Amino acid sequence: MEESLDLKMEISSHQGIALIRCFGRLTFGREVQLLRKCVESVLSQFSICVLNLKEIQQIDARGLGTVMGCFERARSLGCLLLIGGASEQVRDLFRITKLTDILEVYSSENEAMEACSQAA
């Protein structure tokens, strides 16, 4: 029996910027693999991507590592990956682990989109 995924994603684009909205859990297992593959696919088509983690209820160390890995992959490809909104738990973990010093984290998807427009 196949287990169901606890991560759902919605992918869209607006003015040449890819948007990935995540819902559920970002934890060790198939969920982090799915996110990594999704971001890889999007970065092959777009040079700017906003990752919205506002609806992530649970994240673990592997989830944090995957977000960081996606950011590093984007950078290595010459792409820009921004965090456009994060749940309270994700924001707290970014702050505690000092990932806010490395990642570009915005309070909302709209704020990240505006930053992308200014960077272009």
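## Ground rules

Because the model is predicted, local features need pLDDT of at least 70 and side-chain atom pairs count only at pLDDT 80 or more, while totals for chains, interfaces and linings use all residues. Residues are numbered from 1 along each chain as its sequence is written, and side-chain values use heavy atoms, with hydrogens and water left out.

Helices (H or I, at least four residues) and strands (E, at least two) are DSSP runs, numbered from the N terminus.

## The sheet

Let's start with the strands. Five of them form an open sheet in the order β1-β2-β3-β4-β5, with mixed pairing; two strands pair if DSSP finds at least two bridges between them. The edges are taken by β1 (7-14) and β5 (105-106), each with a single partner strand, so one side of each is left without a neighbour in the sheet.

β1 and β2 are antiparallel and share eight bridges, and His14 has Ile17 in β2 as its bridge partner. Their hairpin has two residues between the strands, and Gln15 takes a positive phi near 50° there. Moving on, β2 runs parallel to β3, again with eight bridges, and Arg21 stands opposite Asn52 in β3. Strand β3 (residues 48-59) is also parallel to strand β4 (residues 80-86), joined by five bridges; here Cys49 has Leu81 in β4 as its bridge partner.

How much of β2 is buried? Seven of its 10 residues are, so β2 is largely enclosed by the rest of the structure. Buried means under 20% relative accessible area, exposed over 50%, and partly exposed in between (1.4 Å probe, protein chains only).

## The helices

Next come helix α1 (residues 30-43) and helix α2 (residues 61-76), which pack at an angle of about 15° with their axes 10 Å apart. Axes are lines fitted to C-alpha atoms, for helices over the stretch in contact, and angles run from 0 to 180 degrees between N-to-C directions. α1 and α2 are therefore roughly parallel to each other (angles under 35 degrees count as roughly parallel, over 145 as roughly antiparallel, 65 to 115 as roughly perpendicular and the rest as oblique).

Which residues bring α1 and α2 together? On the α1 side they are Val32, Leu35, Arg36, Val39, Glu40 and Leu43, and these meet Arg62, Gly63, Thr66, Val67, Cys70, Arg73 and Ala74 in α2. Contact means heavy atoms within 4.5 Å. Helix α3 (residues 88-96) lies across β3, β4 and β5, running at about 105° to β3.

Leu35, placed in helix α1, is buried, with a relative accessible area of 0%. Leaving aside neighbours within four places in sequence, Leu35 is in contact with Leu7, Met9, Cys22, Leu26, Leu51, Thr66, Val67 and Cys70. Leu35 and Leu64 are 29 residues apart in sequence and 11 Å apart in space, C-alpha to C-alpha.

Ala18 sits in strand β2 and is buried as well, with a relative accessible area of 0%. Leaving aside neighbours within four places in sequence, the contacts of Ala18 are Ser12, Ser13, Val42, Phe46, Ile48, Cys49 and Val50. Between Ala18 and Val39 there are 21 residues in sequence separation and 9.7 Å in space, C-alpha to C-alpha.
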